[in-house]
Amino acid sequence: MKKLCYQTLEELGYQGYLLKDAPEKVLQFGEGNFLRAFVNYWFDVSNERAGWNGKCVLVQPIAPGLAEVINGQEGLYTLYLRGRENGERVDKKRIISSVSRCLNPYEREGFDAMMEVAVSDGLEYVVSNTTEAGIVYDPACNLDDAPAASFPGKLTQVLYRRWQAGKGGLVILSCELIDNNGRELLKCVNQYADQWGLEDGFRRYVNEACTFCSTLVDRIVPGRVKDPAEAARMEQANGYRDELIDVGEIFGVWNIEGPDWLEEKLPFQKAGLNCPVVPDVTPYKKRKVRILNGAHTGFVLGAYLAGFDIVRDCMQDGAVRGFMNKMLYEEVIPTLPLDKKDLEDFAGAVQDRFNNPFVDHELMSISLNSTSKWRARNMPSFLEYVEKAGKLPPCLTMSFAAYIAFFSSDIRELNGEGLVCRRPKGNDYVCCDDRWALEFYYEHRGDSPEELVRAVMTNQRMWGRDLTEVDGFEAAVVSGLKLIREQGAKAAYASCL
């Protein structure tokens, strides 16, 4: 079977959209599954629907990487977007042709090619996703390194070469999952300008001619197909060998913080893609954390005690699904600052995403570090609801009881892997969290429900405050914990409906 490339597709009589030649308009740091299922997909659709007529040059952020494989397929790869949309099962396949090539800057030829792209007339954007650890200032980097070790160092080298060549400013779209990613990246570039003693004109170029955008990306990308038999079936159906097959969920949104003119410049809105340019991405991050992530943390611990193992199965159960939806629509959404319909549409998409027939998302994987997650994702909604409504939110209150129940269910031992508990169906499970939190629950394994709830709520290291100060909360959680232990978590969830 022949490898995927333009010639192979021609021989197969492929009739789908392809764009073989176009100006290189994007310099992209990162060549992994997420960017290829998200950013490169968006630009590919923009080529087809909006006539954007552009290509993305990828750069390996680390060595080794995928440059050889990507170039061997002429930048082509097959993307499957799978899941549910408006309640319907969706399985779409698309060959992505928005990538021109991939550079390895850790080889001299690749570094020189990156610098040639930097001064090209067609270049408009820099995109990055170098993981949360990528946007860091490393003082060991020097201007004459080939390349600088850190991503911000490489970007400073690129921008400095472009400024020296008298070329126009660029739009930088940072996709790393840290707060204010664009602003943090700009801060690092300014630090290198100071460290390397670069000209004042370059500093003005960076801060005035270039536009650093903080962005919020949202798409689950499993990436590879884990089942060898399924991968073989895909390959047989396609008629070619593809070493870069990528899989993502159908849902996708890209919130970009930037000036008004940017929405007109970017091709995404013209292509009908979900990419709003907004003055501040903070409310959208809050929406994602409180609704999507908060839903996960809010129901999975009790659902696991109730006997469920994966998220999709939870969405098939009326009590668990109803509990999650009531929590989101009646308790979380009223605390958020965005338009109510926008929030409800996002929450509706969450149910589709959790019901994805192609993803077996294990509840135990979501349970990792639940103490800090509940504090960051659920506690703000809980406290703001109490402040606004003057009463306790029943589902978030029961969620907190389920959190305590999960970490105290028939504790067996504390070992090197974590806190070993046993759920009602009889199997042992390992709670993974900060060691001090696990030690706390182990030390309190003999407490009564009343003693345990008080100890948890007054642990300010966990919550940053004494939660017994919230009127009625302690008694409600004790009641919820007893209900979970006596009748089961499913019955406890149902009691909130």
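**Figure 1. Pairing of strands E7 and E8 in the predicted model.** Ser 174 has Ser 214 of E8 as its bridge partner. The structure shown here and in the following views is a predicted model. Strand E7, residues 171–174, runs parallel to E8, and four bridges join the two strands. Strand E8 comprises residues 211–218 and is mostly covered, eight of its eight residues being buried. Thr 211, Cys 213, Thr 215 and Val 217 point one way from E8, whereas Phe 212, Ser 214, Leu 216 and Asp 218 point the other way; residues of both groups are buried.

**Figure 2. Strand E10 between E8 and E11.** Strand E10 spans residues 253–257 and pairs with E8 in the antiparallel sense over four bridges. Within this pairing, Thr 215 stands opposite Ile 256 of E10. With E11, strand E10 pairs in the parallel sense, over two bridges. Here Glu 257 has Val 278 of E11 as its bridge partner. Five of the five residues of E10 are buried, so the strand is largely enclosed by the rest of the structure. Val 253, Asn 255 and Glu 257 point one way from E10, and Trp 254 and Ile 256 point the other way; all are buried.

**Figure 3. The eight-stranded sheet and helix H6.** The strands of this open sheet follow the order E5-E2-E1-E6-E7-E8-E10-E11, and their pairing is mixed. Strand E5 (99–103) and strand E11 (277–278) are the edge strands, each pairing on one side only. Helix H6 packs on the sheet, where it touches strand E1 (24–29), E6, E7 and E8. The direction of H6 makes about 155° with that of E1.

Figure 4. Val 126 is found in strand E6, which covers residues 125–128. This residue is buried, its relative accessible area being 0%. Residues up to four places away in sequence not counted, Val 126 touches Leu 27, Phe 29, Leu 155, Leu 170, Val 171, Ile 172 and Leu 173. The C-alpha atoms of Val 126 and Tyr 205 are separated by 15 Å, and the two residues lie 79 residues apart along the chain.

**Figure 5. Arg 162, a buried charged residue without a salt bridge.** Arg 162 is found in helix H6, residues 151–164. Although Arg 162 is buried, it has no salt bridge. The nearest side chain of opposite charge belongs to Asp 121 and is 6.3 Å away. With neighbours within four places in sequence left aside, Arg 162 is in contact with Ala 118, Val 119, Ser 120, Leu 123, Lys 167, Gly 168, Leu 170 and Tyr 205.

Figure 6. Strand E3, residues 77–85, pairs with E4 in the antiparallel sense over nine bridges. In this pair, Glu 85 stands opposite Glu 88 of E4.

**Figure 7. Crossing of helices H13 and H17.** The axes of helix H13 (residues 318–332) and helix H17 (residues 394–406) come within 8 Å and cross at roughly 130°. H13 is therefore oblique to H17. On the H13 side, the contact is made by Phe 323, Lys 326, Met 327 and Glu 331. H17 contributes Pro 394, Cys 395, Leu 396, Met 398 and Ser 399 to this contact.

Conventions:
Residues numbered from 1 in each chain as written. Predicted model: local features only at pLDDT ≥ 70, side-chain atom pairs only at ≥ 80, totals over all residues. Heavy atoms only, no water. Pairing = 2+ DSSP bridges. Buried < 20%, exposed > 50% of the residue type's maximum accessible area, 1.4 Å probe, protein only. Lys, Arg positive; Asp, Glu negative; His and termini not counted. Salt bridge = Lys/Arg side-chain N within 4 Å of Asp/Glu carboxyl O. Contact = heavy atoms within 4.5 Å. Axes fitted to C-alpha atoms, helices over the stretch in contact; angles between N-to-C directions. Parallel < 35°, antiparallel > 145°, perpendicular 65-115°, else oblique.
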